[in-house]
Amino acid sequence: MYLALKRSKRFLLFMPAAVLILSCSGVPMNAWQWSLPPGVDVPEVPADNPMSAAKVVLGERLFFDNQLTANQAMSCSSCHHRSKSFSEGLSFTVGSTGEKNRRNSATLVNLAFNRSFTWGNAELEHLEEQIVIPLFGTEPLEMGATGREQEILQRFKADQTYRDLFASAFPGERDAINFINIVKALASYLRSLNSFNSAYDRFRYFGDSNALNESELRGFALFNSDKTRCSRCHSGVNLNEPIDTQRLAAEDTFHNTGLYSFDVARKFDDGLFEITQRADDHGKFKTPTLRNIEVTSPYMHDGSINSLEEIIDFYAAGGRLIERGWKAGDGRAHPNKSSDITGFVISAEEKRDLIAFLKSLTDREFISVN
Ligand code: HEC
Ligand code: HEC
């Protein structure tokens, strides 16, 4: 994994060359219209990869195409299913050659608004850097492009539809079918995956005070309460940022929730610490979005919690005690556990309300396969 990251940095060194070609070409990009609710600002996009409709169309085709994988056994969509808000429904994903990834495939929704990518790395702040990992990563191997770049590119070069799509996405470039552009198109497609049509959105952003029923409203109040403290970490456009924080750094969205004991986390997956090597970061993971949470189980970085009921039991207990097995240990006592994971008493009715609220975050239109 770490090697893959270093590789991604190297890969990015080649980016400026492409930027130059783009800006010298003088051809206007076809415009992109963001469709956002009132009060949500247009997200920042890297200057060297502005949005365009043509890039989104190309990126979408590539995302679902097995030809992007060296052995043609899978595409991005093999691990990111639209009906599951682009998550996978498995605790661990398996790459194109059968190698296991220790982490749970992430949901891909409103990514343009996220500060960093992957469960454990606060430094990956641009989608362009993240996408290099499944494509070229060797630890674990996912799509296996490393060393087989020309063979993969040849498939697209031989295909007239792709030749046309690359030409309109990257007008004026002589050799447009290359990995820099593949990554740019995929990033543009991912940025276009916006979801703002849940009952919660209608209530929160579109002023429809009837969009949430009584139970959902009670759940929303509990979510924001001092008792559960959910909104302390799950706020903002994607419910994945701390509440009331101006000029937030990506690292501020990483927390230890008491999922594993210090020893267990250290041995198996230590989250942010693996990147920063700072003692404070043992067992810290990125706060994930709660959008479409109803359809993205299993939950947590390793898919170790199966249902929303169990999620609430987990927070009510102030972390997790695992009594038996190879991950036995008391996560509640992890020295880095956040001071907002305090545990609380919750009635059966309150639990139903909280879950009803979490389900009001589902955008049915977004997850429907068209
Ligand atoms: C073999 C399964 C697999 C394939 C294939 C795959 N992914 Fe993923 N994806 C994952 C896993 C697992 C994670 C979480 C990784 C982590 O946090 O370390 C992830 C995370 C991501 C993220 C980060 C999301 C976030 O909010 O942090 C993005 C973006 C992403 N994938 C895009 C893609 C794209 C684009 C492709 C195709 C080029 C792709 N993935 C192919 C399994 C896969
Ligand atoms: C201290 C910050 C913090 C608080 C408070 C908090 N969360 Fe979380 N939440 C996180 C982090 C970090 C994760 C990911 C943990 C991991 O994977 O190791 C997470 C994961 C989740 C997930 C799983 C998401 C997924 O895609 O796997 C759900 C659901 C969730 N939280 C709901 C809640 C609810 C409901 C509350 C209140 C009862 C709450 N959270 C309170 C930080 C917090």
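1. Start with Pro298. This residue sits in the loop between strand 2 and helix 13. A cis peptide bond links Ser297 to Pro298, with omega at about -5°. The model is predicted, so keep that in mind for this and every later point.

2. Pro140 belongs to the loop between helix 4 and helix 5. As background, most peptide bonds are trans, and most residues other than glycine have a negative phi.

3. Is Asn292 buried or exposed? Asn292 has a relative accessible area of 0%, so it counts as buried.

4. Gln277 also has a positive phi without being a glycine; the value is about 60°. Gln277 lies in the loop between helix 12 and strand 2. Its relative accessibility is 53%. The cut-off for exposed is over 50%, so Gln277 counts as exposed.

5. Gly283 is in the loop between helix 12 (273-276) and strand 2 (285-286), and Gln277 is found in that loop too. Gly283 is buried, because its relative accessibility is 9% and the limit for buried is under 20%. What does Gly283 touch, leaving aside neighbours within four places in sequence? The contacts are His255, Asn256, Ala265 and Asp270. Leu90 is 193 residues away along the chain, and its C-alpha is 21 Å from that of Gly283.

6. Next, helix 13, residues 308-316. Its buried residues are Leu308, Ile311, Ile312, Phe314 and Ala316. Helix 14 (348-359) is part of what covers them. After helix 13 comes Gly318, with a positive phi near 70°.

7. Phe314 counts as buried because its relative accessibility is 5%. Beyond residues up to four places away in sequence, Phe314 touches Thr257, Gly258, Leu259, Met300, Ile305, Gly319 and Arg320. Lys84 is 230 residues from Phe314 in sequence; C-alpha to C-alpha, the two are 23 Å apart.

8. Now the pair formed by helix 4 (residues 127-136) and helix 7 (residues 179-191). The two pack at an angle of about 115°, and their axes are 9 Å apart. The crossing of helix 4 past helix 7 is right-handed. On the helix 4 side, the contact uses Leu127, Glu128, Ile131, Val132, Leu135 and Phe136. On the helix 7 side are Phe179, Val183, Leu186, Ala187, Leu190 and Arg191. By type, the contact residues divide into ten nonpolar, two charged and no polar.

9. Where does Arg191 lie? Arg191 is in helix 7. This arginine is buried, because its relative accessible area is 4% and buried means under 20%. The side chains of Arg191 and Glu128 are joined by a polar contact of 2.9 Å. Not counting residues up to four places away in sequence, Arg191 touches Trp34, Val45, Pro46, Asn49, Met51, Ala112, Leu127 and Glu128.

10. Helix 3 contributes a run of buried residues: Ala54, Lys55, Val56, Leu58, Gly59, Leu62 and Phe63. What do these residues pack against? Their partners are helix 5 (149-157), helix 6 (160-169) and helix 7.

11. Which residue is the only protein donor of the iron atom of ligand 1? That donor is His80, through NE2, at 2.1 Å. His80 is in the loop between helix 3 (53-63) and helix 4. Donors here are N, O and S atoms within 2.8 Å of the metal, and water is not among the atoms, so the site may look incomplete.

Methods: Residues numbered from 1 in each chain as written. Chains lettered and ligands numbered in written order. Predicted model: local features only at pLDDT ≥ 70, side-chain atom pairs only at ≥ 80, totals over all residues. Heavy atoms only, no water. Axes fitted to C-alpha atoms, helices over the stretch in contact; angles between N-to-C directions. Helix = DSSP H or I, 4+ residues; strand = E, 2+ residues; numbered from the N terminus. Left-handed = near helix turned anticlockwise from the far one by under 90°. Contact = heavy atoms within 4.5 Å. Nonpolar A, V, L, I, M, F, W, Y, C, P; charged D, E, K, R; others polar. Donors = N, O, S within 2.8 Å, 3.2 Å for Na, K, Ca; no water. Buried < 20%, exposed > 50% of the residue type's maximum accessible area, 1.4 Å probe, protein only. Polar contact = N/O pair within 3.5 Å; in protein donor to acceptor, adjacent residues only side chain to side chain.
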